[in-house]
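This briefing collects local features of the structure shown below, grouped by topic. Please read it with the coordinates open.

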Amino acid sequence: MTSRFTTTFARLRAENRAGFVAYVMAGDGDTEALLDALPGAGADVIELGLPFTDPMADGAAIQEAGQRALKGGMNTKKALQLARAFRAKHADTPLVLMGYANPIHHYGWADFATDAAAAGVDGIICVDLPPEEDKPLRDALAAHGLSVIRLATPTTDDERLKTVAEGSGGFVYYVSTTGVTGAGIGAATDVSAAVALVRKATGLPVVVGFGVRTEEAAAEIAKGSDAVVVGSAIVSANHDGGTQAAIDLVKRLSAAVRGAMRDAS
Amino acid sequence: MNSRPNAFSQWPDAQGRFGDYGGRFVAETLMPNILRLEKAYEAAKSDPEFKAELDEFARDFVGRPSPLYFAERLTEEFGGADIWFKRDELNHTGAHKINNCLGQVLLAKRMGATRIIAETGAGQHGVATATVAARFGLPCIVYMGATDIERQKPNVFRMKLLGAEVVPVTSGTGTLKDAMNEALRDWVTHVKDTFYVIGTVAGPHPYPAMVRDFQSVIGREARAQMLDRIGKLPDAAVACIGGGSNAMGLFHPFLEDESVRLIGVEAAGKGIETGEHAASLNGGEPGILHGNRTYLLQDADGQIIDAHSISAGLDYPGIGPEHAFLHDAGRAEYLSATDEEALEMFQLCAKLEGIIPALEPAHALARVRDLASELGKGKTILMNMCGRGDKDVFAVAEHLGVGL
């Protein structure tokens with residue numbers, strides 16, 4: 001079976017453009033309506049955040065969104081229901097869950113993989129499961145054809161990149177800067193060079209995120225990557241202005257990414 | 001030294017695992033740092049120069065070795081086994097914490113770090129880190145929950161006197177676990193020049209093993225002192241447990257001494273049955289937090305639950321992975337003591353021994369009382385008096401309804 005990732009990134013290559021990845025936090029605002037509107041607003045891939053009490057890789061915007069979601073009663077099971085509702089209406093857009101190890105560990109690696117697959121999820125980004133620790137989840141997901149999406153960062157050197165590449169699936173998430181989510185983007189030239197290295201080492205599309213907030217930054221990063229992720233800015237727009245404000249922002253950001261000329265790669 | 005391949009003292013394995021616990025559960029950004037730290041620590045450990053420097057500062061700056069003391073009047077009061085205190089509360093800065101800070105800051109210096117960060121709950125680890133950083137002229141940033149800053153003003157001022165910057169943490173619930181999250185966020189942001197001094201035997205490998213090694217001076221000294229003073233090993237070694245660094249430091253040199261019962265005392269807060277406690281082993285279950293797999297206080301969705309204890313030093317929802325391992329393996333026993341019991345022992349120890357214990361070891365003393373009767377006369381209990389109670393007098397006065 002061809003994965004939604006393969007199909008999506010092949011389409012983006014054919015269109016000679018980078019993709020746009022929208023991150024939203026499950027349970028912060030009207031997530032069902034927001035998810036439903038994202039493909040139409042130009043999101044090529046969607047990341048659905050799983051809230052956790054102790055999100056040590058996240059900046060203030062996503063931390064607070066997670067706290068609000070938990071206060072509102074969101075949990076892993078309900079987030080999977082949101083994924084399922086999304087998948088029922090959108091057959092083609094890849095959906096990735098992004099979260100931390102403990103809620104998934106507590107759910108049970110195998111049960112989680114089964115339920116995520118049944119909900120139509122395509123991959124998992126587990127921030128605090130580096131390659132050394134992700135085997136139980138990777139094996140559980142592989143049994144259902146789902147991928148563990150690995151992260152690469154500016155601290156990932158050539159040697160380390162081999163470790164990241166081995167067992168990686170779907171795409172690689174390149175964290176553009178050393179810092180937490182929303183911290184600010186690394187220099188575009190550095191990012192583009194790093195993306196090329198990661199792509200070569202892994203043979204996978206490279207998606208860039210952490211700190212892309214504006215249309216200008218998104219367009220700049222789009223030139224040298226396979227897709228651009230925006231999280232904190234969408235989460236903030238959703239909280240400050242509501243679902244429609246978040247959708248409008250996604251429209252603007254995805255248009256900027258679509259309009260960006262791609263560097264030869 | 002025992003060198004059986006499966007001996008309790010031989011852990012962790014190459015992956016930083018103590019059986020099913022431990023590991024390296026951190027964001028990818030930190031992995032290269034963690035691996036570099038592991039290498040640097042391995043090299044330092046077998047370098048006689050590093051050891052000589054550590055020993056010299058432990059002696060002249062910290063005041064080691066700490067004495068072994070026969071608590072004669074408490075022994076009489078409890079009416080059973082002889083009770084001995086390892087006096088780590090006499091260390092510079094008033095607790096065992098500095099043993100570890102000294103080791104880590106010397107390692108940071110060796111690795112060329114130019115910036116020290118730490119998390120703190122009650123402020124004891126923050127003060128100890130700020131103290132050693134001051135001595136070596138390194139800038140020090142301490143993350144501390146906003147709630148704890150309010151409760152521990154004297155320690156905040158001490159850290160500032162020592163030149164440290166104290167950063168209030170308002171994220172999450174503004175307590176120790178959030179301070180640790182914030183320190184990890186700082187580290188992710190400043191990976192190149194920063195050394196993170198973790199205060200307990202938790203976190204990603206190599207921290208649990210490294211902190212244990214630096215704290216093992218407690219057990220090594222105490223073991224030799226017991227043999228010297230009474231010509232035999234104690235029948236039980238007892239310590240309180242938050243993250244578990246003083247207990248691990250006491251236990252480790254006794255792990256292969258099968259005759260020595262090892263007993264950790266967790267904080268039962270208002271009682272484990274109330275849900276308001278800090279007893280991860282007695283009231284939690286295995287999970288993943290702050291870089292390691294261990295027992296955690298968590299809800300049905302795997303969300304972390306806030307710990308509660310009268311003692312801010314025990315107020316942490318996890319426990320070092322080596323304790324989780326020793327618990328499951330049955331090598332150590334883990335009991336608990338409530339806030340009320342700790343308050344009672346705090347006062348009793350002050351009146352009978354002329355030692356005001358910190359609220360943390362006051363928890364241990366509550367179980368020493370039971371154990372003294374259980375073991376009976378002629379037996380010996382060694383307890384680590386891991387901190388002095390000066391920092392707690394305001395909190396205790398408040399609990400007792402005394403205005404100061």
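**Cis peptide bonds**

B:Pro65 sits in the loop between α2 and β3 (68-70) of chain B. The model is predicted, and in it a cis peptide bond joins B:Arg64 to B:Pro65, with omega at about 0 degrees.

- B:Pro12 belongs to the segment before β1 (17-18) of chain B.

**Positive phi angles**

- A:Phe210 is a residue other than glycine with a positive phi, near 75 degrees.
- The loop between β8 (206-209) and α10 (215-223) of chain A holds A:Phe210.
- A:Phe210 counts as buried because its relative accessibility is 7%, and buried means under 20%.
- B:His290, again not a glycine, has a positive phi near 50 degrees.
- B:His290 is placed in the loop between β11 (285-289) and β12 (291-296) of chain B.
- With a relative accessibility of 2%, B:His290 counts as buried.

**Salt bridge between the chains**

- Over all chains, the structure holds 45 salt bridges.
- One of them pairs the side chains of B:Lys177 and A:Asp54, at 3.0 Å from N to O.
- This pair joins two chains, because B:Lys177 is in helix α8 (residues 176-189) of chain B and A:Asp54 is in the loop between β2 (45-49) and α3 (60-71) of chain A.
- Both B:Lys177 and A:Asp54 are buried.

**Salt bridges within a chain**

- In chain A, the side chains of A:Arg87 and A:Asp122 form a salt bridge of 2.8 Å, N to O.
- A:Arg87 is part of helix α4 (residues 76-89) of chain A, while A:Asp122 is in the loop between α6 (109-118) and β4 (123-126) of chain A, so the bridge ties together parts that are 35 residues apart in sequence.
- Are the two partners buried or exposed? A:Arg87 is buried, at a relative accessible area of 11%, and A:Asp122 is buried as well, at 9%.
- In chain B, the side chains of B:Arg261 and B:Glu374 meet in a salt bridge of 3.0 Å, N to O.
- Strand β10 (residues 261-269) of chain B contains B:Arg261 and helix α15 (residues 359-375) of chain B contains B:Glu374, so this pair ties together parts that are 113 residues apart in sequence.
- B:Arg261 has a relative accessible area of 27% and is partly exposed.
- B:Glu374 counts as exposed, at 53% relative accessibility, because the cut-off for exposed is over 50%.
- A network of salt bridges links A:Arg11, A:Glu15, A:Arg17, A:Asp44 and A:Arg258.

**A helix pair in chain B**

- Two packed helices are described by the angle between their axes and the distance between the axes.
- In chain B, helix α2 (residues 48-62) packs against helix α4 (residues 97-111) of chain B at an angle of about 135 degrees, and their axes are 10 Å apart.
- α2(B) and α4(B) are therefore oblique to each other, since roughly antiparallel applies to angles over 145 degrees and roughly perpendicular to those of 65 to 115.
- The crossing of α2(B) and α4(B) is right-handed.

**A buried strand residue in chain A**

- Strand β3 (residues 95-99) of chain A includes A:Leu95.
- A:Leu95 counts as buried, at 0% relative accessibility.
- The C-alpha atoms of A:Leu95 and A:Val45 are 6.2 Å apart, although the two residues are separated by 50 residues along the chain.

**Nonpolar surface patch in chain B**

- Which residues form the nonpolar patch on the surface? They are B:Ile356, B:Val393, B:Phe394, B:Leu400, B:Val402 and B:Leu404, and together they have about 560 Å² of accessible area.
- One of these residues, B:Val402, lies in the segment after α16 (393-399) of chain B.
- B:Val402 is partly exposed, with 45% relative accessible area, because this value falls between the cut-offs of 20% for buried and 50% for exposed.

Conventions:
Residues numbered from 1 in each chain as written. Chains lettered and ligands numbered in written order. Predicted model: local features only at pLDDT ≥ 70, side-chain atom pairs only at ≥ 80, totals over all residues. Heavy atoms only, no water. Patch = residues over 30% accessible without salt bridge, like charges linked within 9 Å, V, L, I, M, F, W, Y side chains within 5 Å. Areas by Shrake-Rupley, 256 points an atom, 1.4 Å probe, with all protein chains shown as cover. Salt bridge = Lys/Arg side-chain N within 4 Å of Asp/Glu carboxyl O. Helix = DSSP H or I, 4+ residues; strand = E, 2+ residues; numbered from the N terminus. Buried < 20%, exposed > 50% of the residue type's maximum accessible area, 1.4 Å probe, protein only. Axes fitted to C-alpha atoms, helices over the stretch in contact; angles between N-to-C directions. Parallel < 35°, antiparallel > 145°, perpendicular 65-115°, else oblique. Left-handed = near helix turned anticlockwise from the far one by under 90°.
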